[in-house]
Amino acid sequence: MSRPEHTRTNSTNLNPGSRARPLEGRVGIVTGASRGIGAAIARNLASKGCNIVLNYTSDSSTSVTEELAAELEAEHGIKAAIVQANMGSENGPQHIVDVAKNHFQHPKTGKFEIGIIINNAGVAGNNPIEKIDCEQFARQYNINVRGPLLLIQAALPYLPHDRSGRIVNLSSVSSSLGP
Ligand SMILES: NC(=O)c1ccc[n+]([C@@H]2O[C@H](COP(=O)([O-])OP(=O)(O)OC[C@H]3O[C@@H](n4cnc5c(N)ncnc54)[C@H](OP(=O)(O)O)[C@@H]3O)[C@@H](O)[C@H]2O)c1
């Protein structure tokens, strides 16, 4: 029996030096984008032409996130907005979408679409079972699990309906560790 034909989806990982910008004009939200993996993802998306909303939470990360936004705009000719919001709070995710809309809604047509959501913000306690308390559990759960749900709910009215949108939820090997 012959194997069914396999069709490979085009990768957006372009060769270095490639000038193609497959995400030109789109809007992407990256949570936890002040540093680490989130900042790297934001750089990657911006290099492909994507306008970016950079979320972070700590006061101490404001200046570094502002610098990242300025870097992305200068290097890639995109628009970048920053938004300080706690993904673990009930209102933080909605605030991110509100700021994104304020920045990227078309002034005349009112059109606003969120093409990409990267749920990257996350915290890990990695404590043994006997050392986990309710407060710590709630904090971790609210940031890592409830936050992405609330962000997607808030973004729902603005997601594309042609299957062109992408939502990426980052996990960790930590979730499979334990006694
Ligand atoms: N690093 C790894 O080896 C690894 C491995 C597997 C999975 N991951 C996952 O990848 C993601 C990023 O990891 P990372 O190592 O790059 O993290 P990181 O360097 O610790 O950075 C965390 C980012 O999340 C933000 N953040 C933390 N709490 C937040 C909150 N309540 N609301 C909004 N933003 C918040 C931080 O903002 P501030 O700067 O404002 O604090 C920062 O931008 C996490 O989900 C992590 O679980 C990481």
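**Exercise 1. Which residues are closest to the ligand, and how many surround it?**

Solution. Start with the count: 25 residues surround the ligand. A residue is near a molecule if its C-beta atom, placed from the backbone, lies within 6 Å of it. The closest are Gly-32, Gly-36, Ser-58, Gly-122 and Ser-172.

This is a predicted model, in which local features need pLDDT of at least 70, side-chain atom pairs count only at pLDDT 80 or more, and totals for chains, interfaces and linings use all residues. Residues are numbered from 1 along each chain as its sequence is written.

Next, sort the shell by type. It divides into 10 nonpolar, 14 polar and one charged. Here Ala, Val, Leu, Ile, Met, Phe, Trp, Tyr, Cys and Pro count as nonpolar, Asp, Glu, Lys and Arg as charged, and the others, Gly among them, as polar.

Finally, assign elements. Helix 1 (36–47) and strand 2 each supply at least two shell residues. The largest share, three residues, comes from helix 1. Helices (H or I, at least four residues) and strands (E, at least two) are DSSP runs, numbered from the N terminus.

**Exercise 2. State the strand order of the sheet, then find its edges.**

Solution. The open sheet has five strands in the order 3-2-1-4-5, with parallel pairing. Two strands pair if DSSP finds at least two bridges between them. Strand 3 (80–84) and strand 5 (166–169) each have a single partner, so one side of each lacks a neighbour in the sheet.

Now check two pairs. Strand 1 (residues 27–30) and strand 4 (residues 116–119) run parallel, joined by three bridges. Val-30 stands opposite Ile-118 in strand 4. Strand 4 also pairs with strand 5, in the parallel sense, over four bridges. There, Asn-119 stands opposite Asn-169.

**Exercise 3. Describe how helix 3 packs against helix 4.**

Solution. Take the geometry first. Helix 3 and helix 4 (residues 134–155) pack at about 40 degrees, with axes 8 Å apart. Axes are lines fitted to C-alpha atoms, for helices over the stretch in contact; angles run from 0 to 180 degrees between N-to-C directions.

Then list the contact. Helix 3 gives Gly-92, Pro-93, Gln-94, Ile-96 and Val-97. Helix 4 gives Gly-147, Leu-150, Leu-151, Ala-154 and Ala-155. Residues are in contact if their C-beta atoms, placed from the backbone, lie within 7 Å.

Last, sort these residues: seven are nonpolar, three polar and none charged.

Definitions and conventions
Two residues are in contact if their C-beta atoms, placed from the backbone, lie within 7 Å.
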